[in-house]
Amino acid sequence: MDSGLILVIVVVILGVCFEYVNGFHDAANAIATVVATRVLTPLQAVLMAGTLNLVGALSGVAVAKTVGAGIVDSKIVTQDLVVAALISAIAWDLLTWWFGLPTSSSHALIFSIIGASVAIHGVGVVITDGLTKTSFGIVYSPTLAFLVGYLVMLSLYWILRNSSWGGVQRFFGKAQVLSSAYMAFSHGGNDGQKTMGVIALALAAYGAVPTGAGFFIPDWVKVLCAVSIAIGTATGGWRIIRTMGVRITKLTPVQGFAAETTAGTVIEIATRLGIPISTTHAISGAILGVGATRRLSAVRWGIAGRIVTAWVLTIPGCFVMGYVLALVMRAIGIHA
């Protein structure tokens, strides 16, 4: 068996591991609010989210193509660089999961790929348009989610101003199941596709998938990644669920509905445009926006600050990890 094929197999295995870790790391994105408001039990929530992550991940390939062929030049990136990037992203996800920080698995993966590729081929390997699209997503998802979440919650307050508290709680207790399902579907659609693109990038490096305009995602890669993220989500990430659903701000069912609907819509728009964004950024921004409508002190800004710090560290941290791992692998003779 030639070294290129061995590295492709390693990429597939690591890709499945990353997708699984991504699932339980980002489970909070889909179910934190519905668990925090006690609309569903944690077990019910993770099973629902896992199922809809699977469906969402199979709903398109626009994000997968951006990650696989739009971030770095697939014509010159080799399988060993993809291996280095996946190891870097998995390590970052596990480290932040341990500390209960809802960081971006998406940006961990993307900037690990960029770091590993730049280490060997220089900055010329980066595709400017793809990096611009990704950078836009970094700003777009939390900012828009915060603003829309704030406005949606204000609108609901006005619409429901003459309604009884008990009636509102009962109605949105049921409605929140739908908004949580929508959030889980959109999460699978964006996050589930990223590893598809990375595996396809390794296949392209091996010659099994065309590069350039002919770049495509094989069906077996789609199914494998979708099942992996679904199982990971069904496993759950309780440390992060606690941070997202309880520690940032106290949520009622109507507020949970507003946050999930906002975040799901922001993610869904990005997915259909092929923009790889952070689902963590989207739901965090929405929760902050919804919480801020009560009063600014209702949001625990210290916790929010820790989350933002982890976001900021993800980009340079994963770039450096990917860069170093790629150089180490080349130094010890692991390359295609």
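A: Happy to. Let's start with a term used throughout: a residue is buried at under 20% relative accessible area, exposed at over 50% and partly exposed in between, using a 1.4 Å probe and counting protein chains only. This is a predicted model, where local features need pLDDT of at least 70 and side-chain atom pairs count only at pLDDT 80 or more, although totals for chains, interfaces and linings use all residues. Numbering starts from 1 along each chain as its sequence is written, and side-chain values rest on heavy atoms, with hydrogens and water left out.

First, the setting. The protein has 13 helices and zero strands, where helices are DSSP runs of H or I with at least four residues, strands are E runs of at least two, and numbering goes from the N terminus. Of its 336 residues, 57% count as buried. The accessible surface comes to about 12,800 Å², and 72% of that belongs to carbon and sulfur atoms; these areas come from the Shrake-Rupley method with a 1.4 Å probe, and for residues only the protein chains shown count as cover. Contact here means heavy atoms within 4.5 Å. Among contacts with a separation of 6 or more, 88% are between residues 24 or more positions apart.

Now to the salt bridges. The definition asks for a side-chain nitrogen of Lys or Arg within 4 Å of a carboxyl oxygen of Asp or Glu, and a search of the whole structure finds four. One of them joins Asp80 and Arg330, with an N to O distance of 2.7 Å. This pair ties together distant parts of the chain: Asp80 belongs to helix α5 and Arg330 to helix α13, 250 residues apart. Why is Asp80 classed as buried? Its relative accessible area is 1%.

A nonpolar core is a set of buried Ala, Val, Leu, Ile, Met, Phe, Trp, Tyr and Cys residues joined through side-chain atoms within 4.5 Å. The largest one has 52 residues, and Val72, Val82, Leu86 and Ile114 touch the most other members. Elements giving two or more residues to this core include α5 (79-98), α9 (219-235) and α13. Leaving out residues up to four places away in sequence, Val72 touches Val77, Ile113, Ile114, Ser117, Val125, Val126, Ile127 and Leu201. Apart from this core lies another, of 23 residues, among them Ala258, Ile275, Ala282 and Ile283. As background, nonpolar side chains tend to be buried together in soluble globular proteins.

Val320 counts as partly exposed because its relative accessibility is 46%. Together with Tyr323, Val324, Leu327, Val328, Ile332 and Ile334, Val320 forms a nonpolar surface patch of about 570 Å² accessible area. Patches take residues with over 30% relative accessible area and no salt bridge, joining nonpolar side chains (Val, Leu, Ile, Met, Phe, Trp, Tyr) within 5 Å and like charges within 9 Å.

Two further bridges each stay inside one helix. Lys222 and Asp219 meet with N to O at 3.4 Å; these two are three residues apart in helix α9, so about one helical turn separates them. Lys222 is partly exposed at 23%, while Asp219 is exposed at 57%. Arg272 pairs with Glu268, the closest N and O atoms being 2.7 Å apart. Arg272 and Glu268 are four residues apart in helix α11, about one turn. Arg272 is partly exposed at 40%, whereas Glu268 is buried at 15%. In general, an α-helix has 3.6 residues a turn, so residues three or four places apart point the same way.

Helix α11 itself is mostly covered, with 15 of its 20 residues buried. Its expected span is 1.5 Å times one less than its number of residues. For residues 253-272 that gives 28 Å, which agrees with the 28 Å between the end C-alpha atoms. Just after α11, Gly274 adopts a positive phi of about 75°.
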